[in-house]
Amino acid sequence: MTKGSTQLEFSKDDLCVYTVSSKQYWKSNNETLSHIAAETEIPSLRKHIINLYLKERKKVVYIYVSEVWGMLFLLTSLNQNKENDILKSRFNIISKDLQKGLEAFSEHLEAACKTLQDYLKGGVQEAEKTCVQVIKQCTELPGVKNYQGFHRTLKAICRNYGVYNSAKFGPFNINYDLSKPLYQKIDQFSERILQFNKGRRTSMKGQFNKIKLSLTNIIDEPLPTKSTAENTWLWKCRQNFMKTELTALLNDLTRQIIDRKQHIYNAAVLSVQHSMKPAYEEAARKKGVGIVPFMQRILNEHVEQLKNKLFKDSRASVMEQFNNMKEKLEEEVRERMNIILNLGFSQWSGHNPLPDFQNELKWINPTWDEVKDSSDTD
């Protein structure tokens with residue numbers, strides 16, 4: 001069965017801009033303020049949030065009901081309580097195609113890994129060229145005379161390891177600014193490979209669609225015309241089970257990738273922050289009048305000394321996170337597909353009969369039809 005997840009991926013249609021006050025939004029339930037809220041975009045925002053929530057809940061319900069529906073078909077078919085040669089022959093055919101699918105998926109992940117390496121190589125080169133200028137821009141604000149008030153801000157930035165939101169000078173994130181060229185490459189890679197709102201052949205969604213289509217076509221192949229009604233019914237039960245489990249598996253993999261994308265994305269800036277930590281701590285210890293130039297020199301010299309290593313380490317951290325995801329995905333696909341196949345072709349001969357699930361199957365069929373129709377119209 002699928003694992004729950006709070007990780008979501010939105011399409012451009014889901015991301016809308018509403019000009020509202022957050023205080024007014026939360027107070028808008030108050031009857032005395034509701035007429036004021038009605039004149040703003042708060043009702044539209046609330047409606048959009050509800051629709052977005054319902055859209056995601058529909059996906060969860062669809063996967064859950066489909067899995068229960070498929071499992072009931074499997075359990076019902078197991079009560080035949082005898083060996084069936086049809087299942088044995090079909091198992092051999094599908095297991096070979098499954099192995100081809102697993103190999104193709106591994107090759108796709110390996111190609112994606114190489115693509116990310118190539119993207120990051122360019123990002124590292126650009127970051128090494130610009131880092132000295134970037135650190136100077138972050139620590140030398142134009143228009144600030146005699147560093148008036150800026151010494152407190154710079155010290156706060158160093159105490160917070162490169163990140164600070166100044167009420168006077170605005171937000172600072174030196175770590176991100178230094179690693180920005182890498183992030184431009186990571187964004188390009190994510191848009192091409194890790195997006196699930198587009199089904200390009202090079203993307204993960206495109207690869208999942210390819211796997212699903214290939215295996216579904218094989219599973220859907222009809223039995224020989226001379227097959228008995230009993231065998232035809234049995235194979236239909238197993239088809240329903242395997243197809244719903246395949247859909248659930250690919251949904252789980254999608255959720256895992258969306259979750260791990262955040263770890264991949266954070267790896268670059270966290271690596272830079274770790275490498276800059278000694279300089280931040282040394283600069284934060286400076287005290288007295290006129291300390292800003294000393295703090296600036298510490299940060300500038302640290303970047304200058306480390307620039308040939310700083311971003312290569314950052315790239316290595318990103319690749320480590322991606323390779324961890326790659327290994328987990330390969331393991332998950334292999335294990336789950338083998339489970340689906342073994343359950344889909346399992347036989348119950350010689351064992352005590354299972355409970356009769358016919359009533360449960362009749363009960364869930366209308367629910368499944370309703371959920372499926374709702375999903376098709378979305």
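Student: Where is Leu54 found in this model?

Tutor: The model is a predicted one. Leu54 lies in helix 3, which covers residues 42–78.

Student: Is Leu54 buried, exposed or partly exposed?

Tutor: A residue counts as partly exposed when its relative accessible area falls between the buried limit of 20% and the exposed limit of 50%. For Leu54 the value is 44%, so Leu54 is partly exposed.

Student: How should I read a nonpolar core, and which residues touch the most other members of the largest one?

Tutor: In soluble globular proteins, nonpolar side chains tend to be buried together. Here the largest nonpolar core holds 51 residues, and those touching the most other members are Phe189, Met242, Ile257, Val318, Phe322 and Met337. Two or more residues of this core come from each of helix 3, helix 4 (85–139), helix 6 (174–194), helix 7 (204–219), helix 8 (229–284) and helix 9 (292–344). Helix 8 is the biggest contributor, giving 14 residues.

Student: What is Val318 in contact with, leaving aside its neighbours within four places in sequence?

Tutor: Val318 has contacts with Leu116, Leu120, Ile186, Ile264, Ala267 and Ala268.

Student: Which residues does the second core include?

Tutor: That core is separate and has 28 residues, among them Cys158, Phe172, Ile174 and Ala283.

Student: How many helices and strands are there, and in what pattern?

Tutor: The protein chain has ten helices and two strands. Along the sequence the pattern reads α-α-α-α-α-β-β-α-α-α-α-α.

Student: What share of the contacts with a separation of 6 or more comes from residues 24 or more positions apart?

Tutor: Such residues account for 79% of those contacts in the protein chain.

Student: How do I read the phi of Tyr161?

Tutor: Most residues other than glycine have a negative phi. Tyr161 is not a glycine, yet its phi is positive, at about 55 degrees. Tyr161 sits in the loop between helix 5 (150–159) and strand 1 (163–166).

Student: Is Tyr161 buried, exposed or partly exposed?

Tutor: With a relative accessible area of 30%, Tyr161 is partly exposed.

Technical notes: Residues are numbered from 1 along each chain as its sequence is written. This is a predicted model: local features need pLDDT of at least 70, side-chain atom pairs count only at pLDDT 80 or more; totals for chains, interfaces and linings use all residues. Side-chain values use heavy atoms; hydrogens and water are left out. Helices (H or I, at least four residues) and strands (E, at least two) are DSSP runs, numbered from the N terminus. Buried means under 20% relative accessible area, exposed over 50%, partly exposed in between (1.4 Å probe, protein chains only). A nonpolar core is a set of buried Ala, Val, Leu, Ile, Met, Phe, Trp, Tyr and Cys residues joined through side-chain atoms within 4.5 Å. Contact means heavy atoms within 4.5 Å.
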